[in-house]
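Please look over the model below.

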Amino acid sequence: MLRWAAGLLPPPARARAVAELDATGLSVAAAPFYPVRHGMRAALHDTRPVNERQGPSGRELVAALRSVETAVDGDRLLDAARVDWDVLAAAHARDPFPSLPSRALIARRDCPDPFTVALLTPWRVEVANRIAARQKNRTGPAERRSAYRAHTAPLVHCHDLSDEIRKVLLPHVSHLRTPLLRLLLAPGKAREVVRATARLDRLLAAVDHGDHGHLPRIQAFWDAVGAELRDTLGEDRTAWTAVARRLTRHKGSLRELLDTLGDPVPGSRKHGPDLRVLIQAPPSVLTAIVADLDDAALERAAERYVGDDRVRTADGLLVTALAQLERAGVAPRRPLARWAHGALAHRPGELAEVAWLYGGSPDLDGSLIRLARLRPDLRRRLAAAHVQPPPAVDPVAELREQHDAVRAQLVLDSSCPDDTPWPRLLEAHAAEPLPEPVLWVLASRPGFPAVLARALPGARTEDLAAQGADAARHALAHLAGRSPGDVLDHCSCTASRRPPPSSNAPARCAGRPASPSSKETSASSSATPCATRAVRPKPPPPTVTPSHSSTGTGTEAGMGAGGSARSTPRSASWTGSRRIPRDDREPAASDGAVTYERSAPPGPEESAGPAGPWVGRTWSSSSR
């Protein structure tokens with residue numbers, strides 16, 4: 001209490017008071033007072049450097065840790081303190097910390113491995129389970145700017161435990177909680193955990209309740225289980241079927257399960273095999289077992305992948321399972337194709353990996369065909385699954401009839417395997433544009449002409465470049481002729497599937513005309529109207545502001561609903577910033593007053609201007 005009170009004094013007086021307390025020996029004999037519960041929130045908002053914080057350190061921190069009432073109080077105390085691990089380790093060696101401060105200390109990510117091992121000796125399971133809290137990023141008060149909320153500490157990457165700590169934890173793995181079990185299942189080290197556990201069901205529950213951030217560790221668990229099973233069962237088909245029925249319900253160790261595999265278990269026959277276990281079997285065994293299962297039994301085997309009780313990482317595990325079924329040589333089945341489409345419909349990068357199931361489901365076939373339009377390798381693989389048609393009498397006419405890229409690939413490969421009839425294709429395209437899927441198939445052929453490359457609507461540069469060498473040259477040449485701003489605009493438009501703006505139209509800022517080019521300058525000097533351009537939609541009405549004035553001349557006339565005429569003299573002055581109509585008028589003079597000459601009658605969408613309907617006229621405005 002006296003030492004805490006001395007800390008409230010000004011720096012010169014504080015130093016003298018602390019020296020006097022040290023001289024009397026009171027600070028060593030008594031536990032100093034530190035307000036853990038009521039003062040900790042104020043300490044956590046301390047943004048001063050570490051060496052200037054008011055939190056305890058050294059022997060004060062040791063005494064304060066021994067007096068905490070909960071592990072959360074210990075966490076807050078360490079967050080605000082200046083931690084010296086050497087001092088804490090020495091204090092623990094002299095007098096081991098009780099359970100509560102040990103749980104707070106071992107949860108720190110910066111806790112040294114030797115000190116962690118010391119805190120676990122003697123063994124206390126409640127202290128060991130707190131190691132899983134290292135996944136939470138507990139920042140110090142200097143880095144914390146918002147209000148303190150203990151429950152919003154963000155998760156970081158899985159903490160990798162050292163071999164020294166794993167050696168202490170493995171003998172007690174059957175008693176650890178789920179978060180710590182997942183930390184132990186590191187890729188390449190999961191097999192020792194599977195061998196050490198006496199409760200395989202608890203380890204399986206930790207795996208099943210993991211999320212996508214734990215997918216590598218979940219896959220490491222199943223790889224370890226598969227390696228153990230293959231070493232013991234070999235290619236015994238009956239044993240693999242039995243273990244696939246019983247493993248996910250076994251409450252002992254894996255070794256006990258394998259030793260008692262031949263013993264009858266009541267009720268085990270009513271449960272079907274689990275596909276997660278079956279896919280670990282050798283290829284010949286897996287192919288034979290799956291071939292003996294009808295569609296209904298196969299659906300029951302994949303319940304944890306696609307059923308109502310599926311695990312949270314079912315889609316990620318299903319990709320691996322389908323790949324193993326393909327490597328084993330399992331024949332495509334309708335349930336497999338339906339699962340693949342349900343799990344991967346929105347993941348085109350992985351959808352291409354299940355192309356071996358093409359033809360098993362209309363939904364999956366449609367997704368693969370749409371993806372094959374832009375992927376030449378997938379397109380050729382899907383085309384190879386069809387029967388090769390005979391050569392067409394008129395390949396160009398036959399290509400025009402195809403409206404998906406796979407069929408177009410078939411026609412082109414059967415009729416023109418080596419030489420592409422580019423002159424006939426260009427002539428046919430000039431008469432009537434070829435279908436877009438046909439153009440994508442032609443883009444992968446050598447000699448792909450630039451005319452057809454420009455005909456692909458809204459093609460992204462990377463998609464066109466992936467078709468072949470000639471298509472890539474056209475894509476790069478298309479970008480090379482643009483300004484950097486046009487390139488960015490093109491990328492933005494293609495990403496959102498909007499048609500890119502014409503590269504010939506000059507860029508304009510809203511509210512003011514573009515800078516005239518050399519041709520426009522010469523046209524304005526001779527005061528002649530420029531050529532007619534396409535009429536765009538009408539500009540928005542002006543926004544009235546007192547800072548800019550413009551005067552127009554002419555007549556605004558319009559007819560009301562009852563036929564009465566309404567006219568507004570164009571010479572009426574109005575004040576406001578306005579958007580000057582573009583593209584259908586060009587400046588006719590450059591002497592301070594810009595005159596826009598209308599060169600085409602207005603369209604129906606442009607029947608009304610800023611102050612009323614358009615009637616053929618000349619609109620002049622003076623600009624500053």
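The points below are grouped by topic.

This is a predicted model: local features need pLDDT of at least 70, side-chain atom pairs count only at pLDDT 80 or more, and totals for chains, interfaces and linings use all residues. Residues are numbered from 1 along each chain as its sequence is written, and side-chain values use heavy atoms, with hydrogens and water left out.

**Salt bridges**

- The structure holds 27 salt bridges (a side-chain nitrogen of Lys or Arg within 4 Å of a carboxyl oxygen of Asp or Glu).
- One of them pairs Arg 217 with Asp 160, with the closest N and O atoms 3.0 Å apart.
- Arg 217 sits in helix 15 and Asp 160 in the loop between helix 10 (125-129) and helix 11 (163-169), so this pair ties together parts 57 residues apart in sequence. Helices here are DSSP runs of H or I, at least four residues, numbered from the N terminus.
- Arg 217 is buried at 7% relative accessibility, whereas Asp 160 is exposed at 56% (buried is under 20% relative accessible area, exposed over 50%, partly exposed in between, with a 1.4 Å probe and protein chains only).
- Arg 237 bridges to Asp 292, where the closest N and O atoms are 1.6 Å apart.
- Helix 16 (residues 237-246) holds Arg 237 and helix 19 (residues 283-292) holds Asp 292, so the link spans parts that are 55 residues apart in sequence.
- Arg 237 is partly exposed at 37%; Asp 292 is exposed at 53%.

**Second largest cavity**

- There are 3 cavities of 30 Å³ or more. A cavity is a set of points on a 1 Å grid over the protein atoms alone where a 1.4 Å probe fits but cannot get out; lining residues have an atom within 4 Å of a point.
- The lining residues are 4 nonpolar, 4 polar and 1 charged (Ala, Val, Leu, Ile, Met, Phe, Trp, Tyr, Cys and Pro are nonpolar; Asp, Glu, Lys and Arg charged; the others, Gly among them, polar).

**Helix 30 and cysteines**

- In helix 30 (residues 436-443), 7 of 8 residues are buried, among them Trp 440 and Leu 442.
- The whole structure has 0 disulfides (pairs of cysteine sulfur atoms within 2.5 Å).
- Cys 111 is buried at 4% relative accessible area, and Cys 416 is buried at 6%.

Methods:
1 Å grid on protein atoms, 1.4 Å probe; cavity = no way out; pocket = protein on both sides within 12 Å on 5 of 7 lines; lining within 4 Å. Points joined across faces, edges and corners; volume = space filled by probe spheres on them. Helix = DSSP H or I, 4+ residues; strand = E, 2+ residues; numbered from the N terminus.
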